[in-house]
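Open the model in your viewer and keep the selection panel at hand.

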Amino acid sequence: MSEDLSTILNHLGEERELGYHAVVPPVVQSGNFSYPSVADMRSVVQHEMERPLYTRGFNPTLGILRKKIAALEHAEDALVFSSGSAAIAAAVMSFVKSCDHIVCVHKPYSWTKKLLVELLERFNVSHTFVDGTAAENYRRAIQPNTTFFITESPNSLTFELQDLRAVAAIAKEHGILTLCDNSYNSPLFQHPIDLGIDLVAHSATKYLNGHSDVVAGVLAGSAAHIRQVMSKEFMTLGAVPSPHDAWLLMRGLRTLELRVNRSADSAASVATFLEGHPRIKRVHWPGLASHPQHELARQQMRRVAGLMTIELDAPDEAAVERFCDGLKRFLIAVSWGGYESLQWPVCALKGPSGYYTDLPFTMVRLYIGLEDPQLLIADLKQALERI
Ligand SMILES: *Cc1c(COP(=O)(O)O)cnc(C)c1O
């Protein structure tokens with residue numbers, strides 16, 4: 001990659017001469033584009049991916065984002081979707097066919113699991129979930145019809161890593177395509193493509209946008225791979241964000257470096273405090289030396305981000321609820337990656353919803369936002385005393 005981070009975030013792709021030299025690129029809130037002549041239209045139709053014809057395919061505001069995301073991920077090209085789930089689903093569906101087999105890390109993001117178990121199964125695409133903490137488990141799961149590997153390192157609940165370089169090497173030996181859900185790291189803390197992974201997806205809803213006001217997703221990879229996704233599932237499923245959401249996402253990117261580093265710094269302080277507390281049984285956060293894969297995290301990630309899970313030393317759900325309800329500075333909510341700190345108690349998602357029934361009720365996921373970390377620590381301290 002030739003561009004440095006600050007140029008990517010602040011200038012790359014923003015051809016200001018095309019937008020009245022406005023400092024901030026305009027939102028091109030148009031679904032359709034017209035041409036002065038038949039010849040002009042004909043030439044654009046042939047370049048539907050990079051020239052404005054119809055916004056489901058290309059829109060100038062999204063075009064700026066595509067360049068920035070590709071550069072951030074050390075990729076040749078990128079696509080922007082209306083959700084992270086759409087990005088992952090389109091990527092997988094573009095490269096598998098009936099009778100293929102997929103190997104996926106176990107405990108992936110819930111809707112990645114549903115994609116495999118509920119959607120692709122119906123189209124005769126089978127899968128095996130593997131414990132990804134040993135790369136060899138990917139090799140062992142390979143069948144003659146295996147065409148795709150899914151990684152998510154670390155996952156966003158129990159923070160287990162996969163050795164991406166090793167998994168990618170196994171895939172290459174067998175002509176298998178690889179995808180990494182890199183949402184946890186943002187594009188700043190881990191570059192899967194540099195480790196040999198083919199396709200990188202993010203929920204842009206999280207760190208990339210960072211303000212909890214947009215749902216979006218991105219996919220990055222080689223020009224050939226992105227072209228294949230674009231010409232098939234991207235256009236067919238049509239999960240494109242509005243130009244206005246793309247513009248908000250671009251605005252979020254301006255502060256990406258500041259936000260993710262602040263979140264990671266504060267997470268380190270919070271994790272260190274929590275690890276030593278008598279009411280905490282365990283802190284799942286790869287930045288701690290006690291994490292079983294801390295060494296791998298140091299090797300393949302530049303930093304460890306602001307999401308962690310704690311296990312409380314609590315006798316029953318009522319005690320967990322006293323802790324959670326007692327936290328004043330952590331909103332009770334799903335998602336993460338915004339400015340605001342959040343808590344996500346596993347016990348709230350057990351039961352009829354059917355999510356995560358295999359996880360202990362004492363688990364609470366914490367997202368460390370941009371607030372003063374000392375205030376967050378003081379808040380955790382007083383809530384832990386309520387257990
Ligand atoms: C949120 C999330 C997704 C899904 O993204 P959406 O934007 O909600 O569709 C996928 N993977 C991970 C790790 C996530 O946190």
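In which hand of crossing, left-handed or right-handed, does α3 pass α10? The crossing is left-handed (the near helix is turned anticlockwise from the far one by less than a right angle; clockwise would be right-handed). This is a predicted model, in which local features need pLDDT of at least 70, side-chain atom pairs count only at pLDDT 80 or more, and totals for chains, interfaces and linings use all residues. Residues are numbered from 1 along each chain as its sequence is written, and side-chain values use heavy atoms, without hydrogens and water.

**The helix pair.** Select residues 60-72 for helix α3 and 243-253 for helix α10. Helices here are DSSP runs of H or I, at least four residues, numbered from the N terminus. The two axes lie 9 Å apart at an angle of about 40°, which makes α3 oblique to α10. Axes are lines fitted to C-alpha atoms over the stretch in contact, with angles from 0 to 180 degrees between N-to-C directions; oblique is what remains after under 35 (roughly parallel), over 145 (roughly antiparallel) and 65 to 115 degrees (roughly perpendicular).

Next, show side chains at the contact (heavy atoms within 4.5 Å). Among them are Leu 62, Leu 65 and Lys 68 of α3, and Ala 246, Trp 247 and Met 250 of α10.

**The cysteines.** A disulfide is a pair of cysteine sulfur atoms within 2.5 Å, and the count is zero. Select Cys 104: the nearest cysteine sulfur, that of Cys 180, is 11 Å away. Move to Cys 347, where the nearest cysteine sulfur belongs to Cys 324, 5.9 Å away. Cys 347 is buried at 13%.

Note on methods
Helix = DSSP H or I, 4+ residues; strand = E, 2+ residues; numbered from the N terminus. Buried < 20%, exposed > 50% of the residue type's maximum accessible area, 1.4 Å probe, protein only.
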